[in-house]
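Here is a friendly briefing to read alongside the structure. Take a moment to look it over, then follow the topics one by one.

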Amino acid sequence: MLREVGMSNNAGSLALDVAPFPKELTCLQVCEFFSSNPDTLTVAVVDGERPIGLVDRDTFLLLFSKQFGHALFDKKPIAQAMDPCPLIVDKAIRIELVGALILNEKPSALLKGFIITEDERYFGVGTALGLLRHSVKRGRERENEIETARRDAVLANETKTQFLANMSHELRTPLNAIIGFSEIMCGELFGPMENEYYKGYAKDIYSSGEQLLGLVNDMLDVAQIESGQMKLREQHCDMHELINICFTQLGSKIQGSGVALIDRTPSALPEVYADDRKLRQILLNLLSNAIKFTPQGGMVSVHARITQKGELRIMVMDTGIGIEQKDISRVLQTFGQVENGYQRKFDGVGLGLPLTKSLVELHGGKLWIKSAVGKGTVVCFTLPPQRISSPAMLAAARA
Ligand SMILES: Nc1ncnc2c1ncn2[C@@H]1O[C@H](COP(=O)(O)OP(=O)(O)O)[C@@H](O)[C@H]1O
Ligand SMILES: [Mg+2]
């Protein structure tokens, strides 16, 4: 029977409650004991309370079954037939350490068992069976712990997603009022604004509101993607048209930044079957990052080609500050930004790239980044062949 002692993770919990043999017991008595206790595998020999050796059933019975075994040993004290150097461990040591001791120092203890002591007094004997039982029990406990941790993590993630979704909804309503009314004021719809300062403030309120709304929308998108609720509204889209719309939208950003924005895509590009709003979002995110992280005099360009596999590959290139190799996986994670002096000059919370990657993946494509610090960055994404509509145009684009 296993005796539970205090924490179940120390050697004491392995101790089998087997009465030890006093050292004077004769071998014949031991032989009779083993015959009438077929389940006892190993017994300690003690001198008073101090263990001095171990007798394991198999070794002992083998000795006895030899020719003249009885004649030689019957009357001898068990102390002369025991193993005088068994493995002895204190009950307080960790079971893992017992296992390591057996493996490294005394493998024979796996067959013969070992003695467990408390303050050097006999406490019990341990066997490989006990170790095995413990390891099975620990394995089960670990499995339960991992399962509980996994469930907690899933719940926490769902809570976070729900919180993001709720917050975004709550923020959008007042933001719409801020944007709507400041737009009316900027346009002086109900009469002119006399004071120039007020006009300037109204413009600031409007652009700050728009910026916040962009952020809130990104958060809502992340929440939707994470909860698997984002659906694509697909249609046939003209890539050139999409790129033009993005360039126009970015016009004000590029003005005065001293960065050139160039379309280097081939004139014959196939139509793609995709969600045009999301495709525009992908391009806008990549282009605005490229502009944001490219200092004056630099260049941002868009390239496209059909790959060997028949995918459409779009590349947004810049000659900007670049991203260190070690940071690339981080910037693709939600809220991941690179900490450096240049970066802190800009707003943003690190949602753009992970969101963009998810939007590409939602279309069945892939997104990756190549970058060299101080030279520039290329963000590539693909759309799979089944999204590219006309084979004739495809051939033209390949030519
Ligand atoms: N074209 C780029 N050049 C250099 N760094 C970039 C570029 N695009 C993204 N990064 C880095 O990746 C980070 C994450 O980008 P993103 O997810 O779009 O978030 P945000 O724009 O809100 O910072 C940026 O803060 C920046 O450090
Ligand atoms: Mg960004």
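At 34% relative accessibility, Glu96 counts as partly exposed (buried means under 20% relative accessible area, exposed over 50%, and partly exposed in between, using a 1.4 Å probe and protein chains only). Its salt-bridge partner is Arg94, with the closest N and O atoms 3.8 Å apart. This is a predicted model, where local features need pLDDT of at least 70 and side-chain atom pairs count only at pLDDT 80 or more, while totals for chains, interfaces and linings use all residues. Residues are numbered from 1 along each chain as its sequence is written, chains are lettered from A and ligands numbered from 1 in the order in which they are written, and side-chain values use heavy atoms, with hydrogens and water left out.

**Salt bridges**

- A salt bridge here is a side-chain nitrogen of Lys or Arg within 4 Å of a carboxyl oxygen of Asp or Glu.
- Searching the whole structure turns up 19 salt bridges.
- In the Arg94 and Glu96 pair, Arg94 is exposed, with a relative accessible area of 52%.
- Asp47 and Lys23 also meet through their side chains, at 3.9 Å from N to O.
- That pair links distant parts of the chain, 24 residues apart: Asp47 is in strand β2 (residues 42-47), and Lys23 is in the loop between β1 (21-22) and α1.
- Helices (H or I, at least four residues) and strands (E, at least two) are DSSP runs, numbered from the N terminus.
- Asp47 is partly exposed at 31% relative accessibility, and Lys23 is partly exposed at 28%.
- Lys23, Glu24, Asp47 and Arg50 are linked in a network of salt bridges.

**The loop between β5 and β6**

- Asp119 lies in the loop between β5 (114-118) and β6 (121-126), and Glu120 has its place in that loop too.
- Most residues other than glycine have a negative phi.
- Asp119, however, has a positive phi near 50 degrees, and Glu120 has a positive phi of about 70 degrees.
- Asp119 is exposed, with a relative accessible area of 59%, and Glu120 is exposed at 66%.
- Asp119 forms a salt bridge with Arg121 (3.8 Å, N to O), and Arg121 is partly exposed at 35% relative accessibility.

**Aromatic rings**

- Rings of Phe, Tyr and Trp (its six-membered ring) pair if their centres lie within 6.5 Å; planes under 30 degrees apart count as stacked, over 60 as edge-to-face and the rest as tilted.
- By this rule there are seven aromatic pairs.
- One of them is the tilted pair of Phe34 and Phe60, with 5.9 Å from centre to centre and 45 degrees between the planes.
- Are Phe34 and Phe60 buried or exposed? Both Phe34 and Phe60 are buried.
- Phe21, Phe33, Phe34, Phe60, Phe64 and Phe73 make up one aromatic cluster.
- The charged end of Lys76 sits over the ring of Phe73, 5.5 Å from its centre (the rule asks for NZ of Lys or CZ of Arg within 6 Å of the ring centre and within 35 degrees of the ring normal).

**Domains and their contact**

- The protein chain is divided into domain 1 (11-126), domain 2 (153-226) and domain 3 (235-398), with bounds from an automatic or database domain assignment.
- The centres of domain 2 and domain 3 are 25 Å apart, taken over C-alpha atoms.
- Eight residues from domain 2 and eight residues from domain 3 take part in the contact (contact means heavy atoms within 4.5 Å).
- Together, domain 2 and domain 3 bury about 760 Å², 71% of it on carbon and sulfur atoms (buried area is the accessible area, with a 1.4 Å probe, that two parts lose on being put together, summed over both).
- How many salt bridges are there between domain 2 and domain 3? The count is zero.

**Helix α11**

- Helix α11 (residues 352-362) has these buried residues: Leu353, Pro354, Leu355, Thr356, Leu359 and Val360.
- Those residues pack against several elements, including α7 (196-226), α9 (276-292) and β12 (367-372).
- After α11 comes Gly364, with a positive phi near 85 degrees.
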